Amino acid sequence: MKCKPTAIPPAEEIDIPALREKYRQERDKRLKREGQKQYVQPVDDFESTYEGDPHMPVKSREPLSKEVEVAVLGAGISGILAGVDLKKAGVTDVCTIDHAGDFGGVWYWNRYPGIQCDNDAYCYLPLLEEMGYMPSKKFADGAEIFEYCQSIARRFDLYDNAIFHTLVKGMRWDETLLRWRIITDRGDDIRARFVIMANGLLNIPKLPGIPGIHDYKGKMFHTARWEYDYTGGSQKDPVLDKLTDKRVGIVGTGATALQAIPHLGKYARELYVLQRTPSTVDQRINPPTDPEWVKTLKPGWQAERHANFQRGALEGFLPGEPDHVCDFWTEVNRNLAAELEAEGWPELSPEEFMERREVMDYRVMERMRRRVESMVKDRDTAEALKPYYRFSCKRPLSNDDYYDTFNLPNVKLIDVSTTKGVEEMTEKGFIAHGKEYEVDCMIFASGFEVSSDLDRRWGFDVFEGRGGVSIYDHWADGYETLHGVMTHAFPNLFFIGYYQGGLNASTTEQYHRQTSHCAYVIREALARGLASVEPSKAAQDAYVKHFHDTAIDMTDFQRECTPSYYNNESETRIGSDGREKFRSFLGETYGPGWTAFEKMLGDWRDQGELEGLVLVADPAR
Ligand code: NDP
């Protein structure tokens, strides 16, 4: 069925200057001088700490002393893809290390009620054609994704050499051994010729540093460590029946909270939703996968869907191009394409295109606000739930039960925007607008260390390259890489994530392209009998210059946005290019775009020279 544009308010009904001013006021209300420092890590007396595992008992074991060809740090989707690509490249001695008890990454840790993929699963789940698998629905359940991760790991024999329940605390390049020495919380000595950092973006939970948080005597946990023993139910059967006599507070209304809140509202005696910034919440439309549609798919369909989603979510559709994904992620560009189609696709400069896109953004956001109004009965609650910011300022969401939850008599929205977050916690609960609310349990859906300083994000005490240089000093003024995956003075080391590479709308597709690039370099290094490869300073400087010279400056856009991890909580810093910027993946991606980036790397690989890398021969080989 052809995907149609959505019914949105006409441009005449939207007063853009007035809305722009309203957006600004709403942003200013939330600007916090502390920036990233407003958050703390769940440590010490906090029950569900980052180190603990509520899902699987951690068994004691003797420290390992082990030599491996490639250590992959992280067993989430990027770590799994690294393992798969290495195996395909003929590199078999691959050791995956993770502090979880299994493969899965975020899908291992996050098992809160209602967890589903918020992206089109036909894009998000990698290797679908190769695995002969089809997600059961468009927004697949977390449990299904977790099981799919395990099945890929089984298919590619990644379990054979995996080390779980082991937290990497640091690593050092040993110049005598020409190996990375990996330090873990188990006292291991793991020596790896190559290391791939597949340690994820959303892995370290953070808590708001609310005054008095440690005085609270009731139950507390972070959503990434959900405690079903306390709430009742399980991930696959989220009947939270132990909450029926409990008063519960939940902090946050982001992607995670939104999925859990309908379940909490259904069971808790009282539920207080503490909201600082409302999310954009569209309808979900999540039917089971249609087997008739599956039969129509031709080989190569997933790559085609990725490319289509990239244009739908980020770059803009081509004339006449259908929208395969057809959901809230692609709505702005889909509607804009329909307008341009009706005008016979006029020639637009990039600036004109962005202006048209901005108007569409305001209209789509107005549709979202009207949606709240039509669903939430209490006027004040509906008003507080309306999002006032540009569509791409925060992650857009969809959920069919979220707004209805606020019509339940036991559920109360507490708007903490004017106090820039929850004011205070006490022994018995929390204080909002001067009133104490007693609660039995506080749940923190307060997100992860995404754009904070690297030591907080990675949790490594030591990370030293050649000559003992610390990565934290090396990148103190911002990333410096060759192609976003390697950096000078850190031989045989590869980064997967948002450093200085291309941005794909599908995170897992982006990771996959990076892992296959790393596997290529490692395969070549081994085939050529090299002890080490690392970017030369000159090649790195040239790439960094090119990266900065061609960067699209997102600073003004990000400045207008309400604070979040998308704009580093509105905290700017001066980058290595001397410009003020908000550190986030939006500001650290290749300006000429995904296709240009992939072509650049493809040409580099085709050339076959490993140009720009310093190749050190291995005397022992
Ligand atoms: P987020 O960082 O998106 O949300 C954190 C929430 O906590 C925000 O609502 C934030 O408010 C709130 N908060 C933080 N501090 C305070 C405070 N002091 N007082 C009140 N509220 C506070 O975390 P999530 O876990 O929701 O999501 C993180 C990311 O994980 C998503 O953006 C997404 O990328 C991913 N995810 C993906 C899913 C998927 O389906 N693929 C599902 C769930 C998550 P404010 O907005 O004002 O800062």
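A residue counts as buried when its relative accessible area is under 20%, as exposed when over 50%, and as partly exposed in between, with a 1.4 Å probe and protein chains only. The model here is predicted: local features need pLDDT of at least 70, side-chain atom pairs count only at pLDDT 80 or more, and totals for chains, interfaces and linings use all residues. Residues are numbered from 1 along each chain as its sequence is written, and side-chain values use heavy atoms, leaving out hydrogens and water.

Start with the whole chain. Its C-alpha trace spans about 75 × 65 × 55 Å along the principal axes. A compact globule of 621 residues would have a radius of gyration near 25 Å, and the 24 Å of this chain agrees with that. The radius is taken over C-alpha atoms, and the globule rule is 2.2 Å times the number of residues to the power 0.38. Of the 621 residues, 59% are buried.

The chain holds 20 helices and 23 strands. These are DSSP runs numbered from the N terminus, with at least four residues (H or I) for a helix and at least two (E) for a strand.

Now look at strand S9, residues 247–251. Five of its five residues are buried, so the rest of the structure largely encloses S9. In a regular strand the side chains alternate between the two faces of the sheet. On one side of S9 lie Arg247, Gly249 and Val251, on the other Val248 and Ile250, and all are buried.

S9 runs parallel to strand S10, residues 270–275, and five bridges join them. Two strands pair if DSSP finds at least two bridges between them. Gly249 has Tyr272 as its bridge partner in S10.
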